[in-house]
Amino acid sequence: LPASGLGVGQTWTDFNSSGRVLSTTYTNSTGKSIFISLQTSNANNSKVTIYIDTIKVVANWFQNGSGAQQGATAIIPSGSTYYATMTGNIALWQELR
């Protein structure tokens, strides 16, 4: 088995309850790449966008849908900054770190 790499020695951490804030910049200071998974709450025309080092890396949306939920995932390199925007509220913010 590999001694290092994404997922090795890492566990999922629930950031819903610890208060991640949309449009707030966070830094991956873990020393390893992390994987994030986000989902919107029910919202019309739901959209979720993830930025890494100010670059939009993923934008998913569901248009003209009442009560739609949308998700997005991304790998955040060690030392990089990241933030997310979305319509509605955060329904899920998990990080493999």
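Strand 2 (residues 26-27) has the highest mean pLDDT among the elements of the protein, at 98. Strand 5 (residues 55-61) has the lowest, at 91. These are confidence scores because the model is predicted, and pLDDT is the predictor's confidence in each residue. Across the protein the average is 89. Of the residues, 92% score at least 70. Where pLDDT is low, the predicted coordinates should not be read in detail.

Now follow the chain. The protein has eight strands and zero helices. Along the sequence the pattern reads β-β-β-β-β-β-β-β. The radius of gyration is 14 Å, close to the 13 Å that the globule rule gives for 97 residues, so the protein is as compact as a globular protein of that length. Its C-alpha atoms fill a box of roughly 45 × 25 × 25 Å along the principal axes.

Next, contacts. Take those between residues at least 6 apart in sequence. Of these, 73% join residues at least 24 apart.

Then look inside. Of the 97 residues, 35% count as buried. The largest nonpolar core holds 16 residues. Those with the most contacts inside this core are Ile 36, Leu 38, Ile 50, Ala 74, Ile 76, Tyr 82 and Trp 93. In soluble globular proteins, nonpolar side chains tend to be buried together.

Finally, the surface. The protein exposes about 5,300 Å². Carbon and sulfur atoms supply 50% of that area.

Notes
Residues numbered from 1 in each chain as written. Predicted model: local features only at pLDDT ≥ 70, side-chain atom pairs only at ≥ 80, totals over all residues. Heavy atoms only, no water. Helix = DSSP H or I, 4+ residues; strand = E, 2+ residues; numbered from the N terminus. Rg over C-alpha atoms; globule rule 2.2 N^0.38 Å. Buried < 20%, exposed > 50% of the residue type's maximum accessible area, 1.4 Å probe, protein only. Contact = heavy atoms within 4.5 Å. Areas by Shrake-Rupley, 256 points an atom, 1.4 Å probe, with all protein chains shown as cover. pLDDT = per-residue confidence, 0-100. Core = buried A, V, L, I, M, F, W, Y, C linked by side-chain atoms within 4.5 Å.
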